[in-house]
Amino acid sequence: ITSLNSQINTAQNEVNQAQSDYDKALNDYNSTMSPLDQAKKNLADFESKYATDLNRLETGSQGYYESLGCYDDIKHIFDVNNDSEARADLASYTHMGQAGDATSLDNMKASIDYLKEYDKLRQQNGLSTPKVSMAAMAIAQVNANYAQVEGNHSSVYGYSENLAWGYGEANTSGSPFRGWYDYEKKQFESGNHKFSEVGHYLNIMNPEDETTGFALQKVNGVYAQEFGYQEDKDTVMTIDEFEQSFNSYYNNLKSVDSQHKALQDALKNASS
């Protein structure tokens, strides 16, 4: 009897351990997500964490201005309900952040090389370079979009402005500066001082300008550069500072976009 009781106790201990193992295994099984559920959760968690960045991928230059904290000061430039009828009409030519529009992130990034070429030309002539103004950038963007449709200056804002159509990459034979600067400089130095014929060159070389902004519609070959004075509440930076600031913003958004697409692909794979 003693021996059998000992065997019973041993067996009961084994049963208890087996029940414990079973309970743990069942709990683990119930708490483990399927690959599909895990993929859904990963995507949802990412979209929650990076909601602001994902939204800014669709808002073009607006998102960048918001990241600087200056959009409220310049949003009237993009407002189709602006109290000024002329400014409201000009804003209607812009489709914020859409591919091809001057406010798209890719076109805004492309503007940096043209600003750097402008800086190089100023330095060659012993001139300091105006700061990049976010107000001037915004005005250049709406004017580039207007010029793509209307083929002319809008003359809405009181900035000096260079426009060009059908040119190409900065720092090449196709750059708009080949016309604005190279050709008109030769004209000016040969004695032609008519502003209507050498005004682009004179705008580039104006020693009194404090700010500038550049925009383009790269697909359609429309280029706009603004020249002016620093506005109240304007956000300005050197060209180098602007390049570093914008590229950091742009690269971060592209990284978020790449990760987001990878998680979307993982969900598709899990669903199938």
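Seven bridges join strand E3 to strand E4, and the two run antiparallel. Strands here (E, at least two residues) and helices (H or I, at least four) are DSSP runs, numbered from the N terminus, and two strands pair if DSSP finds at least two bridges between them. The model is predicted, so local features need pLDDT of at least 70 and side-chain atom pairs count only at pLDDT 80 or more, while totals for chains, interfaces and linings use all residues. Residues are numbered from 1 along each chain as its sequence is written, and side-chain values use heavy atoms, with hydrogens and water left out.

Back to the strands. Lys131 stands opposite Thr211, and Val132 has Thr212 as its bridge partner. Put together, the open sheet has five strands in the order E2-E4-E3-E1-E5, with mixed pairing. Strand E2 (160–165) and strand E5 (236–237) stand at the edges with a single partner strand each, so one side of each is left without a neighbour in the sheet.

How covered is E3? Seven of its seven residues are buried, where buried means under 20% relative accessible area, exposed means over 50%, and partly exposed is in between (1.4 Å probe, protein chains only). In a regular strand the side chains alternate between the two faces of the sheet. In E3, Thr211, Gly213, Ala215 and Gln217 point one way, whereas Thr212, Phe214 and Leu216 point the other way, and all are buried.

Helix H4 (residues 61–68) has its own set of buried residues: Ser61, Gln62, Gly63, Tyr64 and Tyr65. These pack against helix H3 (51–56), H5, H7, H8, E5 and H11, with contact meaning heavy atoms within 4.5 Å. After H4 comes Gly69, whose phi is positive, near 80°.

Two asparagines are worth a look. Asn143 lies in helix H8 and is buried, with a relative accessible area of 4%. Its side chain makes a polar contact of 2.6 Å with the side chain of Ser154, and another polar contact, of 3.3 Å, joins the side chains of Asn143 and Glu226. A polar contact is a pair of N or O atoms within 3.5 Å; within protein, one must be able to donate a hydrogen and the other to accept it, and residues adjacent in sequence count only if both atoms are side-chain atoms. Leaving out residues up to four places away in sequence, Asn143 touches Leu90, Ser154, Glu161 and Glu226. Asn192 sits in the loop between helix H9 (177–189) and helix H10 (195–205), and is buried at a relative accessible area of 14%. The side chain of Asn192 reaches the backbone nitrogen of Lys194 at 3.1 Å and makes a polar contact with the side chain of Glu197 at 2.6 Å.

Most residues other than glycine have a negative phi. Ser155, in the loop between H8 and E2, has a positive phi, near 60°. Lys233, in the loop between strand E4 (222–228) and E5, likewise has a positive phi of about 60° although it is not a glycine. Ser155 counts as exposed at 66% relative accessibility, and Lys233 counts as exposed at 68%.

Finally, the pockets. On a 1 Å grid over the protein atoms alone, a pocket is an open set of points where a 1.4 Å probe fits, with protein on both sides within 12 Å along at least five of seven lines, and lining residues have an atom within 4 Å of a point. Grid points are joined across faces, edges and corners, and a volume is the space filled by probe spheres set on the points. The largest pocket has a volume of about 240 Å³. Its lining includes Leu57, Glu58, Lys254 and Asp257, and helix H7 (105–124) and helix H11 (239–271) are the elements that give two or more residues to it. The second largest pocket has a volume of about 190 Å³. Of the 14 residues that line the second largest pocket, the closest to its centre are Asp73, His76, Ile77, Ala135 and Glu231.
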